[in-house]
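Here is a friendly walk through one structure, with an eye on ring geometry, helix packing and backbone angles. Keep the viewer open as you read.

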Amino acid sequence: METVSENKCFGGVQGVYTHSSDACGCPMTFGLFLPEEARDGPVPVLWYLSGLTCTHENAMVKAGAQGWAAEQGIALVFPDTSPRGEDVADDEAYDLGKGAGFYVNATQSPWAPHYNMWDYVAEELPRVLDANFAVDMERQAITGHSMGGHGALTLAMGLPGRYRSVSAFSPISHPTASDWGRKQLSAYLGEDEGTWRRHDATLMMREHGFDGPMLIDTGTNDQFIDLLRPEDFAQAVAVRRQQATLRLQPGYDHSYFFVSTFMEDHVAFHAAALYAG
């Protein structure tokens, strides 16, 4: 692992690091904010998964999360959204390929050799963090925006017991029924829609839900709301009687102005779960 940069931030350190990834078969870059408390011992971890076209840097710079995480004594992890490199397959469209890994393990050509973002976020990067930083991997929570909200919800429900809480900003909630989903899942996983189910938050909620608290915010003026399908997820939550707070925020859109507005709420929500018990 190599250090790209480290900057003092709200009493802690905002770092950027690269390492060779076995899961993705290429170098990967991630951001990590460690609060001041990490000098004295391991701190809880909040994952932030970013959306389409993003890298590790977007939320790290735009979400305004570090100040709130410092207040709560929580580490923030900002993974990249896809593998990178000259030999990594790509597509000319913004919503497939680099910057659009969709947090799945691809099985189809040309994506399969590198696009294993589920394994990267669920298995490999946690090992890297645990081996190199003062983080408490027994206390993890996860959040994300748009495609990253999709990733946060599916990872939380797909890895029972891993995360104490899950939240999302404008998540792609029902990708098997949306153009933001069907295109990518068929490309990465093939035409057998049975293999898509474990990557659809609405279907996962219908089948088994999440054992813990959940918070989701979506703006009523989100220009992509028809692709996000929050109403489908809300219906699944109601039928399952899932512990969840689902909020439609009047006038807000899909941007980081929206994310940063409600970031304090989300960090405090996760802190309550991470420090409970």
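Let us begin at the end of a helix: H2 is followed by Gly 73, whose phi is positive, near 70°. Please keep in mind that this is a predicted model.

Helix H2 itself spans residues 65-72, and within this helix Ala 65, Gln 66, Gly 67, Ala 69 and Ala 70 are buried. What covers the buried residues of H2? The cover includes strand S1 (2-9), S2, S3, helix H1 (57-62), strand S5 (75-79) and H9.

**Backbone angles**

In general, most residues other than glycine have a negative phi, and most peptide bonds are trans. Phe 10 has a phi near 50°, a positive value in a residue other than glycine. Phe 10 belongs to the loop between S1 and S2, and with a relative accessible area of 59% this residue is exposed. Arg 241 also has a positive phi, of about 60°, although it is not a glycine. Its place is the loop between helix H8 (230-240) and S9. Is Arg 241 buried or exposed? At 76% relative accessibility, Arg 241 counts as exposed, since the cut-off for that class is over 50%.

The peptide bond from Ser 109 to Pro 110 is cis, with omega near 0°. Pro 110 sits in the loop between S5 and H3.

**Aromatic rings**

A pair of aromatic rings is described by the distance of the centres and the angle of the planes. How many aromatic pairs does a search of the whole structure find? The search finds 12 aromatic pairs. Two of the pairs are set out below.

| Pair | Centre to centre | Angle between planes | Arrangement |
|---|---|---|---|
| Tyr 17 and Phe 30 | 5.6 Å | 35° | tilted |
| Tyr 252 and Phe 262 | 5.0 Å | 75° | edge-to-face |

In the pair of Tyr 252 and Phe 262, Tyr 252 comes from the loop between strand S9 (245-249) and helix H9 (256-274), while Phe 262 is in helix H9, 10 residues apart. Tyr 252 is partly exposed, at a relative accessible area of 29%, whereas Phe 262 is buried at 9%. These two residues also belong to one aromatic cluster, formed by Phe 169, Tyr 252, Phe 258 and Phe 262.

Rings also meet charges here. The charged end of Arg 198 sits over the ring of Trp 118, 4.6 Å from its centre. Arg 162, for its part, lies over the face of Tyr 163, at 6.0 Å from the ring centre.

Helix H3 (residues 117-132) packs against helix H4 (residues 147-158) at an angle of about 60°, and their axes are 12 Å apart. H3 and H4 are therefore oblique to each other, and their crossing is right-handed. On the H3 side, the contact is made by Trp 118, Val 121 and Ala 122; on the H4 side, by Thr 154, Leu 155 and Gly 158.

Where does Met 1 lie? Met 1 is in the segment before S1 and is partly exposed, with a relative accessible area of 45%. Leaving aside neighbours within four places in sequence, Met 1 is in contact with Tyr 17, Thr 18, His 19, Phe 30, Val 128, Asn 132 and Phe 133. Met 1 and Ser 20 are 19 residues apart in sequence, and their C-alpha atoms are 7.2 Å apart in space.

Val 128, one of those contacts of Met 1, is found in helix H3. At 14% relative accessibility, Val 128 counts as buried. With neighbours within four places in sequence again left out, Val 128 is in contact with Met 1, His 19, Phe 30 and Phe 133.

Definitions and conventions. Residues numbered from 1 in each chain as written. Predicted model: local features only at pLDDT ≥ 70, side-chain atom pairs only at ≥ 80, totals over all residues. Heavy atoms only, no water. Phe/Tyr/Trp six-rings, centres within 6.5 Å; stacked < 30°, edge-to-face > 60°. Helix = DSSP H or I, 4+ residues; strand = E, 2+ residues; numbered from the N terminus. Buried < 20%, exposed > 50% of the residue type's maximum accessible area, 1.4 Å probe, protein only. Lys NZ or Arg CZ within 6 Å of the ring centre and 35° of its normal. Axes fitted to C-alpha atoms, helices over the stretch in contact; angles between N-to-C directions. Parallel < 35°, antiparallel > 145°, perpendicular 65-115°, else oblique. Left-handed = near helix turned anticlockwise from the far one by under 90°. Contact = heavy atoms within 4.5 Å.
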